[in-house]
Amino acid sequence: MSSPEENALTLRAAAEVFVPGPPHDPTPGAADVHAELFISHYLDFLIPGLAQGLPDLLNELSGTTFEGRSFVDLSLEERTKIFDLLSTHDVEQLRELPLVLGVLSCAAVYGEWTGQDADGALTRRPLGWQLTGFDGPSRGRRKLLRRPER
Amino acid sequence: MAVKSNMPDVLIVGAGGTGAVMAKELAEAGLGVVVLEAGPWHDPQREFNGLEWDMFNPFDSLFRWGPLDRTKAPYPRVRDGIGLLFQTPGVGGNTLHYGANCPRAYIDAIESDWPFRYRDLVPYYYKVEETLPVAVPEVAATKDELFIKGCEAIGIGHVAGPDIRTSGWRMQPNAILPIAEDTDPLVYPATDGCTQCGECIVGCRNPEGTPLERTAKRSTNVSYAPLALKTKHCEFRTGVFVTEVVTEEHEGTLRARAVRYREADGTLKEQDASIIILACGPIETPRLWLSSGLPDNGHVGKYFTTHWFDYISGVFSSEVNMYEGQTSMVRAEFPGYGFFESQGAGPLTFALATSMGPRAVMGEGPWALSGRTWGSALKRRMEAYRRTLMLVVCVDDDGLPESSVSLAPGVSDENNTAPMVRYRASNQTHRKRDWLSRRAAEVLIGAGADPDSIHRADAAPSTVHQHGTMRMGTDPSTSVVSPTGEAHAVQHLFICDTSIFPNGIGGPNPTLTAQAVATMMADGIVRYLSS
């Protein structure tokens, strides 16, 4: 069984498959926002202990597929291969894990989490909005409204 | 306002897209109505914040399907051959989350499989369109102007609605109030109507300061449910989960007499009624039926259809800003195949819609890439987000008996055994989907998108649209409910949600048709009770 720190690094490495940052990609990605915190919160929310069990499973698959190497030591392409193996697993719940990780990784970067404080209030511009140029929710788009009648 | 009698004339399970319609129609006819709803009655002004994750993530959002206490995990569901399941609790149900696109069914889809004629539905279409109301937007956003340009560039002509038998593009009939005037500030009452904020699927809360009944998007929590309350004959009990339909033998036949339900604190209660109507949707309605041990003629839970969506996107040289304007303001109809439309989305929705397909394949059609975009490919797509137009394809998919909702042994939530949702697509469904996706890609290229940027998500099936599982028909051996909505096997038990659809109405968005059918059935129930 891995330590909490090792589990966090494994989840971070998993998130990088979906939304990589430096050195894999020039702009900030999952590792830069510590997506592992977001992901582990929701994994344990779904099934208590999953944030521990999933890294163990990824490392087990990694070890058997890539001659004893741990998941964090794999290239992005090799990590992708682990997800492809998982998505064809005999156990239905395990087949779903790449989808769950993908959704959470995308949400960690392109959702609003990076702009919210602990109470959920939006206090700064989320990274995903900076990366996409999205200007956030609006109470109205003036240029698309009718001109007032005189 | 409570119903005065201990036993209402009608008890409705579910206050979503059709349950609230039934409630309004029956209460206006003077019947005593009780509506039991699993979720809350939200206050959009106070609770909706316009943030994608907070509003509709599948884990702990306001619209997720699970216990009222959102610190608890969502309800487990077993899936086979299908991706995300969209089930939205609360008064309004899935209309809280829908894009409010309200086309009528394709004429030939009704004429081919339904137990009544299209013309029988038309008066009820008009009634719902007037009540919601449904309006065609008079101002198009950039994404919609590009869509029209692309259609015309490849020879897709304009088609006049609302009764559709031929192909063509047209402006989207939306259950959204007419577009508001530009006032300063954009606050009700100076601003009354749609403010084109682009948040339809995130949950409408505009214009700022508006009373519930004048909220721009006409989910049933702001349209039909308030009208039902206004009659003073209708009571909504929210936060209660119906776990069983109770029946009794009556002159040799089975008759529904009550439901059992669980309140938020776990208290179990039973409520009698003369008529019971299920409006829980194509997943929960068959689940409740099967959990109650009601008769199964082999057709309960079968023939599930979803319109098996796909998402086609392309990048332009200038800004599109897909998040501006009503989520979709224009559509292209293809009777026999389905339809596609412009689709606005926030960045997270766009990322998820376009990135989670099967393994990527380089151009096997008029697209440069199909399938998932993970890694740097996703990041480059997201950097072009503001210059991207996304189209959503909805397929006239075949209902197969193996596409079904059943009970999942060994998996349960706090209410009952969990449902298992299975989806399979016929070869014909695959062909239609490929054909529509190709046409959508051609529209994007015709509109000026870079051909090398065209991406087909080849998305997994989801339940954004859902129909079938409790099909309506005249033959009790091949259907579950009669054309009146009453169950063949259980007297006084009606179903009025989209589970009774004999097919996917040809591909168009199902809510308006479901609401028209519910209105028609309400007329029948009033006649039935008065006789």
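Student: What should I know about the model and its numbering before I start?

Tutor: The model is predicted; local features need pLDDT of at least 70, side-chain atom pairs count only at pLDDT 80 or more, and totals for chains, interfaces and linings use all residues. Residues are numbered from 1 along each chain as its sequence is written, while chains are lettered from A and ligands numbered from 1 in the order in which they are written.

Student: What confidence does the predictor give chain B?

Tutor: Where pLDDT is low, the predicted coordinates should not be read in detail. pLDDT is the predictor's confidence in each residue, from 0 to 100. Chain B has a mean pLDDT of 96, and 99% of its residues reach 70 or more. For the complex, the predictor gives an ipTM of 0.97 and a pTM of 0.97.

Student: Is helix 1 of chain B enclosed or open?

Tutor: Start with the terms. Helices (H or I, at least four residues) and strands (E, at least two) are DSSP runs, numbered from the N terminus. A residue is buried if 20 or more other C-beta atoms lie within 10 Å of its own, exposed if 12 or fewer, and partly exposed in between, with C-beta atoms placed from the backbone. In helix 1 of chain B, 9 of the 10 residues are buried, so the helix is largely enclosed by the rest of the structure. The buried residues include Ala23(B), Lys24(B) and Glu25(B). Their cover includes strand 1 (10-13), strand 2 (33-37) and helix 12 of chain B. Just after the helix, Gly30(B) takes a positive phi of about 95°.

Student: How does helix 1 of chain B cross helix 12 of chain B?

Tutor: Two packed helices are described by the angle between their axes and the distance between the axes. Axes are lines fitted to C-alpha atoms, for helices over the stretch in contact, and angles run from 0 to 180 degrees between N-to-C directions. Here helix 1 (residues 19-28) and helix 12 (residues 511-530) of chain B have axes that come within 9 Å and cross at roughly 35°. Among the residues making the contact are Met22(B) and Leu26(B) of helix 1 and Ala518(B) and Ala522(B) of helix 12. Contact means C-beta atoms, placed from the backbone, within 7 Å.

Student: Which residues have the most contacts inside the largest nonpolar core?

Tutor: In soluble globular proteins, nonpolar side chains tend to be buried together. A nonpolar core is a set of buried Ala, Val, Leu, Ile, Met, Phe, Trp, Tyr and Cys residues joined through C-beta atoms within 7 Å. The largest has 188 residues, and Ala108(A), Ala23(B), Val33(B) and Ile277(B) have the most contacts inside it. Leaving aside neighbours within four places in sequence, Ile277(B) contacts residues including Met22(B) and Phe494(B).

Student: Where should I check the backbone of chain B?

Tutor: Look at cis peptides and positive phi. The bond from Asp184(B) to Pro185(B) is cis, with omega near 0°. Another cis bond joins Asn206(B) and Pro207(B). Ala100(B) has phi near 70°, a positive value in a residue other than glycine. Thr469(B), in strand 20 (residues 467-469) of chain B, has a positive phi of about 90°. Thr469(B) is buried, with 34 other C-beta atoms within 10 Å.

Terms used
Two residues are in contact if their C-beta atoms, placed from the backbone, lie within 7 Å.
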